[in-house]
Amino acid sequence: MTRTDSEDSEKPNAGDNTNTSKIFYRESPSTVLDNVQNPAKKSLKKGRRKLNPNNTDGQGLLKMTANRTNHKLTDYFPVRRSVRKCKRTVLEEQQRDMENKVLCQVQDGLKIQEFIGKGRGIVTTREFRKGDFVVEYIGDLIDQNMAKKREAEYARDHSTGCYMYYFKHRNQQYCVDATPESDKLGRLVNHSRNGNLIARVIEVGSIPHLVLTAKDDVPRGVEVTYDYGDRSRESIRNHPWLAL
C-alpha cells in the first residue's frame with residue numbers, strides 16, 4: 001500500500017529522539033510570549049511578598065536588634081552637668097535681689113554707733129561680700145529745682161543739717177532728700193574718700209533708687225562709709241571732713 005507524505009509525517013521516526021508530544025499551556029499565549037520576552041519581570045513578581053500588618057514577629061525582631069545596636073554614649077558614661085553660672089546670670093540674680101531688698105527696705109546687719117568728732121555712724125553686725133546690697137539711701141526723690149529751694153531753707157537753720165544727695169540718671173538730675181529725721185540707716189552712713197561702700201543707682205518700676213553696695217568684702221564690726229563725691233570749695237569750706 002502506497003503511503004503518502006502526510007502519513008509519513010504523522011508517524012514518529014524511530015531514529016529521531018525529538019519529543020513530538022503536544023504541549024498544553026496553563027497560561028494564555030499572550031502571557032507566555034510576554035514572559036519569554038521579559039523574564040526579569042516575571043521573576044520580580046514572584047519575589048514580591050506582601051507584608052502582613054498583623055505579623056508582629058518581624059517588628060519585634062527589628063526592635064530587639066535596634067535595642068542591641070543603638071546605644072548612646074550616656075548609656076555607658078554618666079552626664080556631668082556644670083553647676084557654675086555665667087557672669088551674666090550672676091549679675092541678673094544680684095539685680096533681682098537688690099530690687100527685692102529695695103522694695104522691702106531691707107537694712108539688716110547694721111546698727112547705729114556714736115563716733116567722737118563725727119557723731120552718729122553705721123557699723124556692720126555681720127559680714128558683707130563684695131557686691132552685696134548693704135542699704136538704700138532712702139528719702140524724698142525730687143528734681144534739682146525743688147532740691148535747691150529745700151537746700152536754701154535748710155541753710156537758714158544750722159541745727160537741722162543737710163542730708164541731700166544729688167545724682168544724675170538717664171540725662172536727668174535728681175536729688176534724694178533724707179534731711180527729715182527718720183529710722184532709715186542709709187542717711188547716717190558717713191563720708192570717706194576711701195570708703196568700703198559704693199553708691200549705685202538702680203531702677204525699680206521705672207523709679208531710680210540710690211543704693212549702697214559693698215566695694216570689697218566688709219567684715220563684721222567695722223564702720224561703713226562711702227565717698228559723697230562733693231569736691232566743691234564751698235562745700236569743703238563749710239564741711240572740712242569732705243576732704244578726708
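Two residues are in contact when they have heavy atoms within 4.5 Å of each other. Among contacts in this protein chain between residues at least 6 apart in sequence, 63% join residues at least 24 apart. This is a predicted model, in which local features need pLDDT of at least 70 and side-chain atom pairs count only at pLDDT 80 or more, while totals for chains, interfaces and linings use all residues. Residues are numbered from 1 along each chain as its sequence is written, and side-chain values use heavy atoms, with hydrogens and water left out.

**The chain as a whole**
- The secondary structure comes to seven helices and 10 strands; helices (H or I, at least four residues) and strands (E, at least two) are DSSP runs, numbered from the N terminus.
- Of the 244 residues, 23% count as buried, a term that means under 20% relative accessible area, whereas exposed means over 50% and partly exposed lies in between (1.4 Å probe, protein chains only).

- Strands of a sheet pair through backbone hydrogen bonds, either parallel or antiparallel.
- Here three strands form an open sheet in the order 4-6-5, with antiparallel pairing; two strands pair if DSSP finds at least two bridges between them.
- Strand 4 (140-143) and strand 5 (164-169) are the edge strands, and each pairs on one side only.
- From one strand to the next, the twist averages 30°.
- Four bridges join strand 4 to strand 6 (residues 172-177) in the antiparallel sense, and Asp140 stands opposite Asp177 in strand 6.
- Helix 6 (residues 144-155) lies across strand 4, strand 5 and strand 6 and runs at about 110° to strand 4; axes are lines fitted to C-alpha atoms, for helices over the stretch in contact, and angles run from 0 to 180 degrees between N-to-C directions.

- Another open sheet of three strands has the order 3-9-8, and its pairing is antiparallel.
- Strand 3 (133-136) and strand 8 (197-204) stand at the edges with a single partner strand each, so one side of each is left without a neighbour in the sheet.
- The twist in this sheet averages 40° from one strand to the next.
- Strand 8 and strand 9 (residues 207-214) run antiparallel and are joined by eight bridges; Glu203 has Pro208 in strand 9 as its bridge partner.
- Helix 5 (residues 87-104) packs on the sheet and touches strand 3, strand 8 and strand 9, its direction making about 85° with that of strand 8.

**Leu197 in strand 8**
- Leu197 is found in strand 8 and is buried, with a relative accessible area of 4%.
- Leu197 and Val135 are 62 residues apart in sequence, and their C-alpha atoms are 9.8 Å apart in space.
- Not counting residues up to four places away in sequence, Leu197 touches several residues, among them Val134, Val189, Leu212 and Tyr226.

**The second largest pocket**
- About 170 Å³ of space lies in the second largest pocket; a pocket is an open set of points on a 1 Å grid over the protein atoms alone, where a 1.4 Å probe fits, with protein on both sides within 12 Å along at least five of seven lines, and lining residues have an atom within 4 Å of a point.
- The lining has 13 residues, of which Glu136, Ile138, Gly139, Pro208 and His209 lie nearest the centre of the pocket.
- Helix 5 and strand 9 are the elements that give two or more residues to this lining, and strand 9 provides the largest share, four residues.

Notes
Grid points are joined across faces, edges and corners, and a volume is the space filled by probe spheres set on the points.
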